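Hi everyone, thanks for coming.

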Amino acid sequence: DGYAENCERALPLLIRKGIPCTYFVTLDNVLRGEPFAHDVRVGKRFPPNTLDQLRELAAAGIEIGAHTRSHPDLGKVDDPARLHDEIVTARDELQDALDRPVRYFALPFGMPENLSRAAFRIARDAGFLGICSEPEALVTEFVGRGSLVDHLTEHGPLTEPLLGNVLRGIAAGMSHMHSYGVIHRDLACRTVLLAIDFTPKV
């Protein structure tokens with residue numbers, strides 16, 4: 001959401017340890033300095049981040065993500081114009097305020113009942129690289145060929161030089177994860193996705 005208190009311990013720790021993260025913020029609360037409505041309803045008034053704090057975080061390597069304009073339950077928003085404003089226009093305004101791209105979007109509340117096919121479609125069409133929700137869901141760029149195992153089942157073995165390119169891409173992806181201390185733990189043909197140009201995604 002963008003709570004100012006995250007700048008006291010959590011985010012500085014991530015920065016010191018060099019741990020990458022995306023920090024999602026609600027635009028209007030940041031711009032107006034107002035507490036979040038869902039907190040106010042239960043008698044809490046936690047201050048949001050300021051733009052200066054977000055700029056400092058971004059300069060330190062924290063990826064700033066979009067979390068709508070006003071933190072609505074998008075599962076209950078049917079108006080396409082409002083969805084566009086909450087997702088796309090708010091993202092554009094946040095980018096302008098930070099003077100850097102905002103590449104990821106998180107749906108407020110994020111539970112199944114709060115999700116919206118229209119919201120996912122608008123975010124995808126707006127060029128977001130990834131869309132996040134709970135519990136434990138991350139919707140990334142569209143990969144047109146599906147999983148590697150599906151492709152092998154339907155079309156048979158990959159031929160050279162395509163096989164070499166795919167293997168090198170998988171190795172590069174694993175190396176990138178390992179550079180951050182991340183272990184995949186489930187690398188298999190069914191968990192490797194192929195883009196239209198056969199670029200593998202692990």
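Let's start with the buried residues of α8, which pack against β6 (193-194) and β7 (200-201). Do keep in mind that this is a predicted model. Which residues of α8 are buried? They are Gly164, Val166, Ile170, Gly173, Met174 and Met177. Helix α8 itself runs over residues 162-179, so 18 residues, and spans 26 Å from its first C-alpha to its last, close to the 26 Å expected at 1.5 Å a residue. After α8 comes Gly181, with a positive phi near 75°.

Now to the nonpolar cores. The largest one has 30 residues, and Tyr23, Leu54, Ile64, Leu74, Ile87 and Phe105 have the most contacts inside it. At least two residues each come from β1 (22-25), α2 (27-32), α4 (51-59), β2 (63-66), α5 (80-98) and α6 (117-125). The largest share, 7 residues, is supplied by α5. There is also a second, separate core of 9 residues, and Val166, Ile170, Met177 and Leu194 are among them.

Leaving out residues up to four places away in sequence, Ile64 touches Tyr23, Val25, Leu54, Leu57, Ala58, Leu94, Leu98 and Val102.

Last stop: how do α5 and α6 meet? Their axes are 10 Å apart and the packing angle is about 50°, so α5 and α6 are oblique to each other. The contact involves Pro80, Leu83, His84, Ile87 and Val88 from α5, with Ala118, Ala119, Ile122 and Ala123 from α6. And the crossing of α5 and α6 is right-handed.

Notes: Residues are numbered from 1 along each chain as its sequence is written. This is a predicted model: local features need pLDDT of at least 70, side-chain atom pairs count only at pLDDT 80 or more; totals for chains, interfaces and linings use all residues. Side-chain values use heavy atoms; hydrogens and water are left out. A nonpolar core is a set of buried Ala, Val, Leu, Ile, Met, Phe, Trp, Tyr and Cys residues joined through side-chain atoms within 4.5 Å. Buried means under 20% relative accessible area, exposed over 50%, partly exposed in between (1.4 Å probe, protein chains only). Helices (H or I, at least four residues) and strands (E, at least two) are DSSP runs, numbered from the N terminus. Contact means heavy atoms within 4.5 Å. The expected span of a helix is 1.5 Å times one less than its number of residues. Axes are lines fitted to C-alpha atoms, for helices over the stretch in contact, and angles run from 0 to 180 degrees between N-to-C directions. Angles under 35 degrees count as roughly parallel, over 145 as roughly antiparallel, 65 to 115 as roughly perpendicular and the rest as oblique. A crossing is left-handed if the near helix is turned anticlockwise from the far one by less than a right angle, and right-handed if clockwise.
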